[in-house]
Amino acid sequence: MASRRPAPAPYRCTECGWTTSKWAGRCGECQQWGTVVEAAAQTGVLRNFSPVAPSAARAARPITEFTTAESPRRPSGVAEFDRVLGGGIVPGAAILLSGEPGVGKSTLLLEVAAQAARDGNRVLYVSAEESTAQVRLRAERTGALHDELYLASETDLATLIGHVDEVKPSLLIVDSVQTVSSSLSEGLAGHPSQVREVAATLIRIAKERGLPVLIVGHVTKDGSIAGPRLLEHLVDVVCHFEGDRQTSLRFVRALKNRFGPTDEVGCFEMTGDGISEVPDPSGLFLGKGAPVSGTCVTVALEGRRALPVEIQALVIPTSAPNPRRVVNGVESSRVAMILAVLERRARLKLSERDVYVSTVGGVKLTEPGADLAIALAISSAATDRAIPHQVAAFGELSLTGEIRPVAQLAQRRTEAGRLGYTGLIDAGVQDLTSALERLRLLPDSGGPGEDAPVERGASRGRREQPANRASSPARREQSAGPSRPAARVPDRIAAGSGMAADDGISEHPGF
């Protein structure tokens, strides 16, 4: 008896070709939503076709005959946004801007539209989420009113293209791609098939007419761009707008850029009048006032931009069986590792104390270059000795206590020198113990320029200071005044790469 021939799978994925015997909303191979259709249905792949001769304008030519003058960059009027784009908007470019709800995507693009209109370019802003009256109210508040800025509220793709044909803009902004639908595709607005159809049509219009298109995209709960992954492949530039709602600072990062680098970061600030640029955000992440124990400055990198950030630490005794470790702006796992290194290598007793570590200004540090500054801030708080304002530290800390070099070291030094940080502590110090010893932050060493009381040894019942220091001028002044130690900046600060010594900051020519 002849065996029965197995029936072909009735459903197939249009993205990867995965087959299944029953319909599924998500492909089991490529994990894309809405791509599984009946195998007999049209999948968009043509099995038989006839070659078509290209026209003279579209004929292939040697690459040396093409010039960049055919697609000059045009500044958007917002310098920080141009920085992320690589110098400006390229004609025919499709730019996708994503971000959390309420972070300020529409406000930023409305400012870009207003600046482009002031430069004499006609702009069409299509809002599919808000009415024209709502956009007008925001434009009045932010000062984005201009006669060359055209506004429409439309969710149908065909009508949107009709607006483009009628207005003939030089810049098109669509807010957002998940709320526009096409009658040529099945499903509601935001369905993967609808998102693909709308995005492909907008990108085709951008390429054929040389019209730059700015598209707003929603994000999922985990922060990734909502919709099929194909959306990120179709566009030329993918920018992510991020920021904490508790702070006014916002960052724009380029995740993909076919026309420029992807390591640039634009800095903005949300105000009552809209969004404003922050060309030099150095002062936003630094504290003010006299040197206080538990603070240290590091130079972090946000893309290609070097930003000085002040790290603050607070160490207090506790009687709880499990001391608290509270962090804000830094990774808790790295702080736990740094505490273990300080306990083992620097003999700082932190297992019976609560430790709080935070950054100033709400900035988040994820790079390992901030390890050394975190360790110095915790040591300063534990010994109650202030670090001079002229000192900045950056370096990665290993489990052995070694200070390892970080990326873009020259740029960090340049930014620190520009802001007046002449004493730099980096990998030239080699290990954490040497850095703490030169800054007088070890439990058995005196403070920088003053004799602050510190805890000595592992026993809590031992004396805090030698008897021969009780008659020093600094001790008499402290006993007569407040309990806070009077930290003094070293008399001499040497420029260049070095570390703090007894008489200031000494150079490290061998770094």
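Predicted model: local features only at pLDDT ≥ 70, side-chain atom pairs only at ≥ 80, totals over all residues.
Two strands count as paired if DSSP finds at least two bridges between them.

**Entry 1: the S5 and S6 pair.** I looked up strand S5, residues 123-127, and found that S5 and S6 pair in the parallel sense over four bridges. I then checked who faces whom. Val123 sits opposite Leu149 of S6, and Tyr125 is opposite Leu151 of S6.

**Entry 2: is S5 buried or exposed?** I went through S5 residue by residue. Five of the five residues of S5 are buried, so the strand is largely enclosed by the rest of the structure. As a reminder to myself, side chains in a regular strand alternate between the two faces of the sheet. Here both faces are covered: Val123, Tyr125 and Ser127 are buried on one side, and Leu124 and Val126 are buried on the other.

**Entry 3: the whole sheet.** I zoomed out next. S5 belongs to an open sheet of nine strands with mixed pairing, and I wrote down the order as S6-S5-S7-S8-S4-S9-S10-S11-S12. Which strands are at the edges? They are S6 (149-152) and S12 (274-277), each pairing on one side only. Neighbouring strands of the sheet are turned by 25 degrees against each other on average, direction ignored.

**Entry 4: helices on the sheet.** I looked for what packs on the sheet and noted H3, residues 132-142, which touches S5, S6 and S12. The direction of H3 makes about 145 degrees with that of S6. I also noted H5, residues 192-209, lying across S4 (94-99), S7 (171-175) and S8 (213-217). H5 runs at about 160 degrees to S8.

**Entry 5: H7 against H8.** Last, I looked up a helix pair. H7 (residues 332-345) and H8 (residues 371-383) pack at an angle of about 60 degrees, with their axes 10 Å apart. That angle makes H7 oblique to H8. I logged the crossing of H7 and H8 as right-handed. On the H7 side, Arg334, Val335, Met337, Ile338, Leu339 and Leu342 make the contact. H8 brings Asp371, Ile374, Ala375, Ile378 and Ser379. How many of these contact residues are nonpolar, polar or charged? I get eight nonpolar, one polar and two charged.

Notes: Residues numbered from 1 in each chain as written. Heavy atoms only, no water. Helix = DSSP H or I, 4+ residues; strand = E, 2+ residues; numbered from the N terminus. Axes fitted to C-alpha atoms, helices over the stretch in contact; angles between N-to-C directions. Contact = heavy atoms within 4.5 Å. Parallel < 35°, antiparallel > 145°, perpendicular 65-115°, else oblique. Left-handed = near helix turned anticlockwise from the far one by under 90°. Nonpolar A, V, L, I, M, F, W, Y, C, P; charged D, E, K, R; others polar. Buried < 20%, exposed > 50% of the residue type's maximum accessible area, 1.4 Å probe, protein only.
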